[in-house]
Every structure is written in C-alpha cells, then in structure tokens.
Amino acid sequence: MNTSSSIGIGISTMRPRCRVLTGCRNSFIFGFQSPKSNHFIADNSSTSHSNSHHLRRFHGYSNSVIGFTSVFISNRRSFCGFDSNWWQSKVFSGCPIDRCNRRFVLGIVNVASDIRPHSTSVGGHVNNENHFEKIYVRGGLSVEPLVIETIEKARNIVQNEEKEKDQKIKVDDSNKHLNASPVFKSTHKRDVSEVEKEAWKLLREAVVNYCGHPVGTVAANDPADKLPLNYDQVFIRDFVPSALAFLLNGEGEIVKNFLLHTLQLQSWEKTVDCYSPGQGLMPASFKVRTVPLDGRAGEFEDVLDPDFGESAIGRVAPVDSGLWWIILLRAYGRITGDYALQERVDVQTGIRLILNLCLTDGFDMFPTLLVTDGSCMIDRRMGIHGHPLEIQALFYSALRSAREMLIVNDGTKKLVAAVNNRLSALSFHIREYYWVDMKKINEIYRYKTEEYSTEAINKFNIYPDQIPSWLVDWVPESGGYFIGNLQPAHMDFRFFTLGNLWAIVSSLGTPGQNEGILKLVEDKWDDLVSHMPLKICYPALDFEEWRIITGSDPKNTPWSYHNGGSWPTLLWQFTLACIKMGRPELARKAVSVAEERLQRDRWPEYYDTRYGRFIGKQARLNQTWTIAGFLTSKLLLDCPEMASVLIWNEDYELLENCVCGLSNTSRRKCSRFSANKSQSNV
C-alpha cells in the first residue's frame, strides 16, 4: 500500500517508531493549513502537564440547554513553530526534526498513551455562531485523518508491554483483561458458566491490535473460513455489543481506542467513480494491515484501511455508522465516568460533523432521514428504501446522545437548537404515523384517499388495499408496533425488530407504545423468538414479492439472512428494552433459549427457517457480535441497574414544545394541531 495515502501508520519493527503524517492536498486541520510537501513527526512520550482547572462535568443537561453556560479551560499544547494562539488559522512552513527541540502532538493525541487526555474544549476561542461553519464546513474538512503513533525506544516499549501484561486483571481462571482499567464491577457474585467462559475466550481472540494496542474486534473469526471477504474487518456497527461487553466487564481502554481511531477515519476522501460522500461520514468498517516499509528490510508498519462503501456489495455508504459511534461515545462516558473524552476538541468536532451531515436541509418534507436500501444492518436490497424505522430510531438516539455531550457555546447554540427541533418533530412523526395496533389498522381500513388540504386525515394518501392479509390475523387485540417504513402511498407493515427495540430504549415511543411492543413480542413469541432469538423482520418476503423486491437475491431467500432470518446479536438490545420496561423475565427466557444452542452451533451469524431451527446457509461461525450480544445480555441481567445508564427516559419538555413555528391559519397549519383536532372529534 502506498503510505502517502494511508489513514494511520504505526511502525512495528525491532526499533519501533511512530509518526504523524499529513500528506493531504489542501488539508485544513482545526483551522490551519498544512504544507503540501512536509511531513511532521510527533512524539507524545513526554509527560507534560497543562495548568488547567478540573472540569466540572454535569451528568445530565437540562432540556433547555440553549440557555446553559459552560466555562472550560482549554489545554493548549506546545506546537513546534507556533505561538500560544495556535487555534487561530495559520499557515506553517514546516519544522525540521533536527531544529525542533520541542516535541509536539498535532490534532488527536495518541490513544494508547499513558497520559490522561484533558479537555481541549474550544469554548473560549469561539467568537461567533458561524465560527464552526467557517472552519469545518465552509472551508471544508476533506483532510486525511492524522496518524497517531508513539515514538519510543524499543527497550522502553518492551518494558512497558511487560508491565501491562503483569497488570492485566483476570476475568476467570483462563482469561485476562486487555489493558483494562476497572471502570465498573458488578456487585452481584455468581458463577460464570462454561458457555460464558468460552464466549469470553472467543471474544478476546477476535480483538484487533493497532500499534500494539486493541482497537476493536473482527466481525467473525472462524479459522476454517478460507474466504473471509470483509468479515476480517472491524465494523463500527458490529463492535458496539463487543464494546458494551468490555465496558460492563470493567475494560474501557479498547473502547476508547476504538472511538478515537474511528474518529481519525471520519471525512476521509474516499470515492465511488470519482464521487465523494458528504463530510462527517463514518466508515462502515476498517482493517488493520501490516505492510513492509519501503527500503527498510525487516521493518513493517500498521495501516488503517477504511471502507466507506466503495468496496461493499452494492456500493452503499453506511448511514448508521456515525449514529452508532455517537451512541457508543455516550455509553462509554456514562459507564466509565471518563467525560473528558467527550469534551476533547476533536471529539466535539466529530459529533458536530455527523450532526451537520444528518441535519442538512434537502428536498424531503419529513423529519425522518431519507436513506437508500442497504445502508444499515440490513445491508442488501430488502425494500427498505425511504425512511426505514431502524435508521429513525438510531437517529433519534444519536440526537439525544449528542445533545447530552455537546458543549454549549456561541458556536453550538444553533446546532443544539436544530437538534431540539428535530427531536420534537421526529418524535411526533414516528409516534403519530408509524404506530399501528388493531385500532389504527381499522382506521386505515376506512381511509378516504385523494385528500387535498392541510387538514387531511390520510396525509400520505395510503390506500386501504395495502393492508396485507397476514396483518389482520397477526396483530393481537392488545399491543402493537411501529411499522418498518412510511412514504407517500406506501406503508411497509413488516415488523422490524431492531427499530422497535430502539424505540423502547430511546423512548421514541410513548410509555404505552413501548409496553405494547413487548406485549406483541410476548404474544407472538413463536414467530419472533421460537428456537432462536430474534427475527430481524417478520414476515419474510416470498414468491413473486421476493423476486421483485430483493432482485431474486439468493442470500435473502425467505426466512434466511435479512429476509426473516433469526439474529442472536439482537438479544442484548431485547434485554435492554425488557429491563427498561420492567420485564426482565422475558429477556431471561430468550437468553436461556439462545444459551442452549449457541455454543453447540459454534456461535453462528444467523439462523434460517421460519422458527430459526437451522444454522444459516451462508452464516459465518464464531460471529463476534453473536458472542458479544450474548455476553452483554448476561452482564445486563446480572446487574440490571447498569441498564439505566444506557437507556433514555421520556423527555416531557421536549414533547410539549411544538417547534415548527407555523401559525394556525388555513394556509399554514401544524400537523400536530390537525392531528389533535381529528383525534378529539373521534
């Protein structure tokens, strides 16, 4: 691989060295431009300390966060060739190594360093509301993310590695933590089963190291698989259950490393046929490659190689990666108490770039995100183009997470206001138009069509004939769920498990709707759980419908893969939802079903057939997020109080505010007022 276009490089030789390289054309890093011809070497081995006050961190923001004032003392690091006002935009000409006595760190500090990263909030440097947009959006952040490595002598590295090995904490008699710091320990003592011991062993074997430090887990680690495709990569989506398992088990470093290294990959210039995706996009996955150094016999370097969809089947960019990243960042802070990570300037910038990408105005009239098929967990054509529930639930969760973590100052007031407005509109839209139960289905059955007015009841011109025959007999008298998709003249009535579970976890649904979802799962247990939890969607597409909608996809045959297959990784999200709603017995029942088979079946990726009795025909074995989902479920059930830091409670103030700003006139009327009026007339 050409190192000039590499994302991150870590030297792994007999004399390990690390470098910070910025070789991008017109690279703007935090407001200043790097030269085209110079490379810079960074060293964070010094233990310089900044004179800063302890940051006062609030564990929960008020809903009226716009009026909240925060004062942070930013830590200015020493930059070769700069004065103390390094935040101002400057062009520097380079700093030869032999002339620079002061070593420096540029941008993101080494995530594997022993130095605890302090807050680098830019609150005090922002003078107006447009400062962020000028630097990061209007100026463009099409930079090659920085290379983060440590410059140390081989002897010191060997000694440090030996010390780290000696300090590892045992989980059981055969397993050890990976560079762990005891961030959380369960107060409940219990015996660890043999199934869990094997699961921990397999999870640790799936860990990927970069520059000698753990940065994630591969998607699957089956030694017998001769054609791994991209299953040997670290997926942002797939790593989330692994991260939670590590965090709940007291191991925080691997998660911190993952968050910061994936942040380096954000906004990297990747293209599909000369077209670049939007700034702020997170990759679907990355791979750590070890390649030889040119002209240096016996010396190698670690290179992070991301995939933004340019190599994926269908060439679809991931919409959910950035959303999962924000959700995981919040979980890391709430479990470990390390809120300084959220307050770093690079992390705050990453959050804002993702939000700007998601909140960009377009042609769509709805508050939901418009996405294409294959852009989420269902990564192949399955008829979810439009506004799939999964993305909307994750979007809502990410917005609520970001609102907690964003530092409010003059530069973020407008962004926070936009987040609050979108949360209000999105919550109303999903609760009002996506929810179906027996009462709502009967209303749709009697819909009038072709209504032209702002007070129309059938706003999306849904034709009653769209109600499928299976739905009438399937929906119980009590309970309901959020449909899979809603577009003009189209309602996808399929039950999508992930979106409904996250609607519960994030309080996207009302308390009554959340209870209704679990009632439906309990009533339809044989359809959604049966021999292996949980169905990714129900029912499966078959016959002519399968041929037309999936494009005759041989992997998505009925009751297989994403077309009604059973995915054990959904178990941890089901457990989290059940604990939140006070129904842990449902989760224990599902976990016991999975525990009977997963070890015996060698931890498959998914299961086939209507009742999940067969291992998936193309399922990978030793699938990491299957293993991690099981372990996370066990840990949550073992310590249910930890679920409280991962969920979101109802935000009543948010729901009370109608943010559309439309006046109650005949020409401009809020849909919320119309809906309330129509309901009052029923």
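Tutor: Now find the bridge partner of N485: D492, in β11. Strand β10 covers residues 480–487, and strand β11 covers residues 490–496. The two run antiparallel and pair over 4 bridges.

Now widen the view. β10 and β11 sit in an open sheet of 4 strands, ordered β9-β10-β11-β12. The pairing in this sheet is antiparallel. At its edges are β9 (435–437) and β12 (537–538), and each of these pairs on one side only.

Next, look for the helix. α14, residues 511–523, lies across β9, β10 and β11. Its direction makes an angle of about 105° with β10.

Step back to the chain. It holds 21 helices and 14 strands. Of its 682 residues, 58% are buried. Among contacts with a separation of 6 or more, 74% join residues 24 or more positions apart. The chain exposes about 29,800 Å², with carbon and sulfur atoms supplying 49% of that area.

How far does the confidence go? The average pLDDT of the chain is 77, and 68% of the residues score at least 70. Over residues 165–183, though, pLDDT is below 50. That stretch still has 44 contacts in the model beyond near neighbours in sequence. Residues 662–668 also stay under 50, and the model gives them 8 contacts beyond four places in sequence. Where pLDDT is low, the predicted coordinates should not be read in detail.

Definitions and conventions: Residues are numbered from 1 along each chain as its sequence is written. This is a predicted model: local features need pLDDT of at least 70, side-chain atom pairs count only at pLDDT 80 or more; totals for chains, interfaces and linings use all residues. Side-chain values use heavy atoms; hydrogens and water are left out. Two strands pair if DSSP finds at least two bridges between them. Contact means heavy atoms within 4.5 Å. Axes are lines fitted to C-alpha atoms, for helices over the stretch in contact, and angles run from 0 to 180 degrees between N-to-C directions. Buried means under 20% relative accessible area, exposed over 50%, partly exposed in between (1.4 Å probe, protein chains only). Accessible areas come from the Shrake-Rupley method with a 1.4 Å probe; for residues, only the protein chains shown count as cover. pLDDT is the predictor's confidence in each residue, from 0 to 100.
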